[in-house]
Amino acid sequence: MNNKSNVIYAYKKQDTQKIVYVGQTIDLYTRNKQHIDYDPFNANNKEYEYPLSRGIRKYGKEMYELIILEDNIPKELLNEREKYWIAFYNTYWDGYNQTIWGTFP
């Protein structure tokens, strides 16, 4: 994966083909490694009990496909775009996002 920056990304669950999580990052490669390889398996990490981490432990990381929704977004617009995509895919009410607005304040 080429490292993309200023990205709105999502994880799609392979069995349902449904977008279940939307996030933002300035470094997609590192953030994906955190979500897939580190957060779900480190019980000392606060993200260990987040819904995406629990899903990865339960179904396996191969069940989740990383999708880029937008990239090269001006940094000051990342929060707004994340909020838009969370609402678009309804991942707060019917997915793994824990806030309607995206990134925790």
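Asn6 lies in the segment before strand S1 (7-13); helices (H or I, at least four residues) and strands (E, at least two) are DSSP runs, numbered from the N terminus. The phi angle of Asn6 is near 50 degrees, a positive value in a residue other than glycine.

A positive phi is also found at Asn90, near 55 degrees, again in a residue other than glycine. Asn90 belongs to the segment after H3 and is partly exposed, with a relative accessible area of 34%.

## Basis of the model

The structure is a predicted model, in which local features need pLDDT of at least 70 and side-chain atom pairs count only at pLDDT 80 or more, while totals for chains, interfaces and linings use all residues. Residues are numbered from 1 along each chain as its sequence is written, and side-chain values use heavy atoms, with hydrogens and water left out.

## Overall architecture

The protein contains 3 helices and 3 strands. From the N terminus on, these elements follow the order β-β-α-α-β-α.

The radius of gyration of the protein is 13 Å, which agrees with the value near 13 Å for a compact globule of 105 residues; the radius is taken over C-alpha atoms, and the globule rule is 2.2 Å times the number of residues to the power 0.38. The C-alpha trace spans about 35 × 25 × 25 Å along its principal axes. Of the 105 residues, 42% count as buried. Among contacts (heavy atoms within 4.5 Å) with a separation of 6 or more, 56% are between residues 24 or more positions apart.

## Surface and nonpolar patch

The accessible surface of the protein comes to about 6300 Å², and 50% of it belongs to carbon and sulfur atoms. Accessible areas come from the Shrake-Rupley method with a 1.4 Å probe, and for residues only the protein chains shown count as cover.

Trp93, Ile100 and Trp101 make a nonpolar surface patch of about 390 Å². Patches are made of residues with over 30% relative accessible area and no salt bridge, like charges being joined within 9 Å and nonpolar side chains (Val, Leu, Ile, Met, Phe, Trp, Tyr) within 5 Å. A salt bridge is a side-chain nitrogen of Lys or Arg within 4 Å of a carboxyl oxygen of Asp or Glu.

## Asn45 in the H1-H2 loop

Asn45 is placed in the loop between helix H1 (28-38) and helix H2 (51-59). With a relative accessibility of 14%, Asn45 counts as buried.

Leaving aside neighbours within four places in sequence, Asn45 is in contact with Tyr38 and Asp39. The side chains of Asn45 and Asp39 are joined by a polar contact of 2.7 Å. A polar contact is a pair of N or O atoms within 3.5 Å; within protein, one must be able to donate a hydrogen and the other to accept it, and residues adjacent in sequence count only if both atoms are side-chain atoms.

## Arg81 in helix H3

Arg81 is located in helix H3 and is partly exposed, with a relative accessible area of 21%. Beyond its neighbours within four places in sequence, Arg81 is in contact with Ile8, Glu70 and Ile73. The C-alpha atoms of Arg81 and Asn44 are separated by 31 Å, and these residues are 37 residues apart along the chain.

Note on methods: Buried < 20%, exposed > 50% of the residue type's maximum accessible area, 1.4 Å probe, protein only.
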